Amino acid sequence: FGKFIPLPSSIIVLGRVFFASIVLGLALSLTNQNIKLKSIKDYFYLTVLGIILAIHWTTFFQSIKVSTVAIGLLSYSTFPIFTTFLEPLIFKEKLLRKNIILAFITLFGVALIIPKFELANNITQGVLWGTVSGFTFAILSILNRKLVKQYSSLTIAFYHDVTAMLVLLPFLFFTKLQIQFKDILLLILLGVLFTALAHSLFIKGLTNIKAQLASIIASLEPVYGIIFAFLFLNEIP
C-alpha cells in the first residue's frame with residue numbers, strides 16, 4: 001500500500017485510521033459494547049497509545065516510501081529487540097539469556113542490510129525510519145498487554161485509531177493533494193481489512209500470550225511481505 005498509493009505517509013495513515021475508526025465504531029455498536037472507559041487514567045493512557053500508533057504507522061510507510069518494501073519490513077522487524085528488553089522491565093519479569101542472544105542476532109541481521117552509514121543514502125534512511133517504527137510498535141505491544149485484561153480488543157483498537165486520526169488530521173490542511181478514486185478504494189481496503197480487522201486480532205492475541213511471543217510471530221511479516229512485493233511490485237531485494 002505504501003507503494004501503490006501515491007500520497008504522503010501521513011495522509012495514507014490518516015485515511016487508514018479514518019476508515020478503520022468507522023468500521024470499529026459500527027462493530028462496537030452492533031455488538032452492544034460500551035465504549036465508556038473505567039477511569040480518566042485509561043482515557044489518557046489510550047490517547048498516548050493512539051499518538052504512538054500514529055508515529056508507528058507513519059514512520060513505517062515513510063521507510064517504504066524512501067527505500068523498498070523489503071528494507072521497510074526488515075528494519076521495522078527490530079521491534080522484538082526492543083520488546084525483549086522493555087517488557088521484563090515494565091512487567092518486572094525475568095530477562096532470559098536466550099532472548100538477549102536472539103535480539104542481538106536480529107540487530108546484526110538488520111545492520112547487514114545497510115550498505116553505508118550515511119544519512120544521504122536512501123537505504124540508511126529507510127532503515128532509520130523503520131527502526132523508529134519498530135521501537136514504537138514494541139511500546140504499543142507491551143502497553144496494550146496491560147489493557148487487554150480490562151477492555152475488548154475492539155474497544156482498544158477503536159480508541160487507538162480515533163486518536164491517531166485526530167493527531168494526523170492537521171496534515172490534511174497543510175498538504176497539497178491529488179487524490180484519485182482508486183486511492184480512496186485502496187485506503188478503504190487498507191483501513192477495513194488490514195487495519196480494523198488485523199489490528200483487533202493482534203490485540204486480542206495479547207490476552208493469551210506475551211508481547212515477546214506475539215512479536216516473534218509477527219516477525220514472519222517480512223517473509224510474506226517481501227514475497228508479495230516481488231509478485232505485485234516486481235521488487236527484488
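**Reading contacts in a predicted model**

Student: Is Glu-235 buried or exposed?

Tutor: Glu-235 counts as buried, because its relative accessibility is 18% and the cut-off for buried is under 20%. Please keep in mind that this is a predicted model.

Student: How should I read a contact between charged side chains, and which residue does Glu-235 meet in a salt bridge?

Tutor: In general, side chains of opposite charge can pair when their charged atoms come close. Here the side chain of Glu-235 forms a salt bridge with that of Lys-3, at 3.9 Å from N to O. Lys-3 has a relative accessible area of 31% and is therefore partly exposed.

Student: How many salt bridges does a search of the whole structure find?

Tutor: The search finds one. Glu-235 follows helix H10 (221–233), while Lys-3 precedes helix H1 (9–30), so the pair ties together parts that lie 232 residues apart in sequence.

Student: How is the packing of two helices described, and at what angle do helix H2 and helix H6 pack?

Tutor: Two packed helices are described by the angle between their axes and the distance between the axes. For helix H2 (residues 40–66) and helix H6 (residues 122–147), the angle is about 155° and the axes are 8 Å apart. H2 is therefore roughly antiparallel to H6, since angles over 145 degrees fall in that class. The crossing of H2 with H6 is left-handed.

Student: Which classes of residue make up the contact of H2 with H6?

Tutor: The contact has 15 nonpolar residues, 11 polar residues and one charged residue.

Student: How do I read aromatic pairs, and how many does a search of the whole structure find?

Tutor: A pair of aromatic rings is described by the distance of the centres and the angle of the planes. The search finds 13 aromatic pairs. In one of them, the ring centres of Tyr-76 and Phe-79 are 4.9 Å apart and the planes stand at 45°, so this pair is tilted. Tyr-76 is buried, with a relative accessible area of 5%, and Phe-79 is buried at 0%.

Student: What kind of pair do Phe-79 and Phe-137 form?

Tutor: Phe-79 and Phe-137 form an edge-to-face pair, with 4.6 Å from centre to centre and 70° between the planes. Phe-79 belongs to helix H4 (residues 79–91) and Phe-137 to helix H6, so the pair ties together parts that are 58 residues apart in sequence. Both Phe-79 and Phe-137 are buried.

Student: Which residues do ring pairs link into a cluster?

Tutor: The cluster consists of Phe-60, Phe-61, Tyr-76, Phe-79, Phe-137 and Phe-202, linked by ring pairs.

Notes: Residues are numbered from 1 along each chain as its sequence is written. This is a predicted model: local features need pLDDT of at least 70, side-chain atom pairs count only at pLDDT 80 or more; totals for chains, interfaces and linings use all residues. Side-chain values use heavy atoms; hydrogens and water are left out. A salt bridge is a side-chain nitrogen of Lys or Arg within 4 Å of a carboxyl oxygen of Asp or Glu. Helices (H or I, at least four residues) and strands (E, at least two) are DSSP runs, numbered from the N terminus. Buried means under 20% relative accessible area, exposed over 50%, partly exposed in between (1.4 Å probe, protein chains only). Axes are lines fitted to C-alpha atoms, for helices over the stretch in contact, and angles run from 0 to 180 degrees between N-to-C directions. Angles under 35 degrees count as roughly parallel, over 145 as roughly antiparallel, 65 to 115 as roughly perpendicular and the rest as oblique. A crossing is left-handed if the near helix is turned anticlockwise from the far one by less than a right angle, and right-handed if clockwise. Ala, Val, Leu, Ile, Met, Phe, Trp, Tyr, Cys and Pro count as nonpolar, Asp, Glu, Lys and Arg as charged, and the others, Gly among them, as polar. Rings of Phe, Tyr and Trp (its six-membered ring) pair if their centres lie within 6.5 Å; planes under 30 degrees apart count as stacked, over 60 as edge-to-face and the rest as tilted.
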